[in-house]
Amino acid sequence: MDDAAFQQLLLREEDLEESFYGEEPSAAYDPVFVSGDESGRAIVDLTNMLTHGGHPDTVHHASALFTNVVGSVVFHHVAEFRDGTCRQVYQELHDAVHACTHYRMELNDGVRLDISRVDLRPVNLGDGGFLVRWVSTVDHFVIDTAWVIAAKDDVLTFVNTRIPDESEILRLARIAVDRVTEPTGAS
């Protein structure tokens, strides 16, 4: 699969039930670990690695970011790895999330977020996946975030949302994983 074809694995605006518009993913993230559980550092490092395709065994990677006027966000990363590395990266992310109850990170715009894990459970997607829910606070704002991370063959899918409805992240993650299985975009 070439780079252009790999981009077709990403979620698209028409996959979203609300009115969203696409943005440049690199402008959205690039956090740095500030404090808290040391496993939070691993989470930040691994998510940055996924965003930028920085793992030496990355074959392809792509990201999409969608936002809407009410503050909902959908961030989707997909990465293909060689030589069984997908399962290794998946396990590293799972272990870090499992070990982490709280950490603080700073975004590239200087905003610092205190992040606490409130839920972690397996989901039946691809070759294995999990859902984690976080509560982030910044100043007096509270932000509920949910991630679904799933592996299918050599491809890792990471869907990160700020959408209150849990069924929506599961629906989006299923679309994303189904695209890995059937990359024609028919999902």
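1. Helices (H or I, at least four residues) and strands (E, at least two) are taken here as DSSP runs, numbered from the N terminus. This is a predicted model, in which local features need pLDDT of at least 70 and side-chain atom pairs count only at pLDDT 80 or more, while totals for chains, interfaces and linings use all residues. Residues are numbered from 1 along each chain as its sequence is written, and side-chain values use heavy atoms, with hydrogens and water left out.

2. Helix α4 (residues 166-181) has 16 residues and reaches 23 Å from its first C-alpha to its last, close to the 22 Å expected at 1.5 Å a residue, where the expected span is 1.5 Å times one less than the number of residues. Its buried residues (buried means under 20% relative accessible area, exposed over 50% and partly exposed in between, with a 1.4 Å probe and protein chains only) are E168, I169, L172, A173, I175, A176, V177, R179 and V180. These buried residues of α4 pack against β4, β7, β8 and β9.

3. D178 also belongs to helix α4, but D178 is partly exposed, with a relative accessible area of 36%. The C-alpha atoms of D178 and S35 are separated by 36 Å, and the two residues lie 143 residues apart along the chain.

4. In helix α3 (residues 85-99), which has 15 residues and spans 21 Å from first C-alpha to last, close to the 21 Å expected at 1.5 Å a residue, the buried residues are T85, C86, V89, Y90, L93, A96 and V97. They cover an arc of only 140 degrees around the axis, which puts them on the same side of α3; the arc is that of the directions from the helix axis to the C-beta atoms. The cover over these buried residues includes α2, β4 (73-81), β6 (112-123), β7, β8 (141-152) and β9 (155-162).

5. The axes of helix α2 (residues 38-52) and α3 come within 8 Å and cross at roughly 145 degrees; axes are lines fitted to C-alpha atoms, for helices over the stretch in contact, and angles run from 0 to 180 degrees between N-to-C directions. On the α2 side S39, A42, I43, L46, M49 and L50 meet V89, E92, L93, A96, V97 and A99 of α3, with contact meaning heavy atoms within 4.5 Å.

6. R133 is found in strand β7 (residues 129-138) and, at 15% relative accessibility, counts as buried. Leaving aside neighbours within four places in sequence, R133 is in contact with S116, R117, V118, D119, T145, A146, P164 and E166.
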